[in-house]
Amino acid sequence: MICYNCGNDITTQGTNCPFCGSPLSADAGNRPNYNQAQYDNMQQQYNQNQYNQNQYNQNQYNQYGYQQPQSQPMDPKSSAIICYITLIGFIIACICADKNHPFVKSHLNNAAALVISGFISSAACVIPIIGWIFAFVASIFLFVCWLMGLIAAINGEVRELPIIGSIKVFN
């Protein structure tokens, strides 16, 4: 049973609420409406808890000396992972991610190096035999680099890719 005066759940039998003392019988004027002051107090506590949770989430980024802007929908780890998943994922990460965060910047640079190197190795296919061999070897190398970058992003590590990691698109 719920006391309609204070809103507490009452598990014991009795004529009065053990919390606020109001009568529990319908004859005593127990109307189905809650105490507005207590409802407002509960709503204020809920809003304060939500505010504290948001503050906690923002303070997690402060361990790197960085405060995430309110308008950023993607956290750094998600954007770092997304930038390795297809060209469309790279474009989405370039648009939505915070390019000033060092973790994101490192992985965006690695993904950009992979994209640029992929286009160059694809263009080498125009040259018969030697270009084909180069493109085949380059595609295996780029796949290994892509896998290394994706695993580093998933683990939350900043790692420069071999050979092509020195390409810096995002400064």
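This is a predicted model: local features need pLDDT of at least 70, side-chain atom pairs count only at pLDDT 80 or more; totals for chains, interfaces and linings use all residues.
Visitor: Why is isoleucine 129 called exposed?

Guide: A residue is exposed when its relative accessible area is over 50%. Isoleucine 129 has 54%, so it is exposed.

Visitor: Where does threonine 86 lie, and what is its phi?

Guide: Threonine 86 is placed in helix 3. Its phi is near 60°, again a positive value in a residue other than glycine.

Visitor: How do you know whether threonine 86 is buried or exposed?

Guide: The relative accessibility of threonine 86 is 55%, and the cut-off for exposed is over 50%, so threonine 86 counts as exposed.

Visitor: Let's turn to the helices on either side of that loop. How do helix 4 and helix 5 pack?

Guide: Helix 4 spans residues 102-123 and helix 5 spans residues 130-155. Their axes are 10 Å apart, and the packing angle is about 165°.

Visitor: Why is this pair called roughly antiparallel?

Guide: Angles over 145 degrees count as roughly antiparallel. The angle between helix 4 and helix 5 is about 165°, and therefore the two are roughly antiparallel to each other. As for handedness, the crossing of helix 4 and helix 5 is left-handed.

Visitor: Which residues meet where helix 4 packs on helix 5?

Guide: From helix 4 come Phe103, His107, Leu114, Ser117, Gly118 and Ser121. On the helix 5 side they meet Phe134, Ala135, Ala138, Leu142, Cys145, Trp146, Gly149, Ala152 and Ala153. Sorted by class, this contact of helix 4 with helix 5 has 10 nonpolar, 5 polar and no charged residues.

Visitor: Serine 117 lies in helix 4. What makes serine 117 a buried residue?

Guide: Buried means under 20% relative accessible area. Serine 117 has a value of 12%, so it is buried. With its neighbours within four places in sequence left aside, serine 117 is in contact with Leu142, Ile164 and Ile167.

Visitor: How do helix 3 and helix 4 cross?

Guide: Helix 3, residues 86-96, and helix 4 have axes that come within 11 Å and cross at roughly 145°. Helix 3 passes helix 4 in a left-handed crossing. Leu87, Phe90, Ala93 and Cys94 of helix 3 make the contact with Leu108, Ala111, Ala112 and Val115 of helix 4.

Visitor: What is the make-up of that contact of helix 3 with helix 4 by class?

Guide: It has 8 nonpolar, no polar and no charged residues. Ala, Val, Leu, Phe and Cys are among the types that count as nonpolar.

Visitor: What about aspartate 75: where is it, and how far is its C-alpha atom from that of alanine 97?

Guide: Aspartate 75 sits in the loop between helix 1 (36-59) and helix 2 (76-82). Its C-alpha atom is 7.6 Å from that of alanine 97, although the two are 22 residues apart along the chain. The relative accessibility of aspartate 75 is 29%, so it counts as partly exposed.

Visitor: How many disulfides are there?

Guide: The count comes to 0 disulfides; the rule asks for a pair of cysteine sulfur atoms within 2.5 Å. Cysteine 20, at 35% relative accessibility, counts as partly exposed, and so does cysteine 125 at 36%.

Visitor: And what does the whole chain look like in terms of helices and strands?

Guide: The protein chain has 5 helices and 0 strands, and its elements run α-α-α-α-α from the N terminus on. Buried residues make up 30% of its 171 residues. Among contacts between residues at least 6 apart in sequence, 50% join residues at least 24 apart.

Methods: Residues are numbered from 1 along each chain as its sequence is written. Side-chain values use heavy atoms; hydrogens and water are left out. Axes are lines fitted to C-alpha atoms, for helices over the stretch in contact, and angles run from 0 to 180 degrees between N-to-C directions. Helices (H or I, at least four residues) and strands (E, at least two) are DSSP runs, numbered from the N terminus. Angles under 35 degrees count as roughly parallel, over 145 as roughly antiparallel, 65 to 115 as roughly perpendicular and the rest as oblique. A crossing is left-handed if the near helix is turned anticlockwise from the far one by less than a right angle, and right-handed if clockwise. Contact means heavy atoms within 4.5 Å. Buried means under 20% relative accessible area, exposed over 50%, partly exposed in between (1.4 Å probe, protein chains only).
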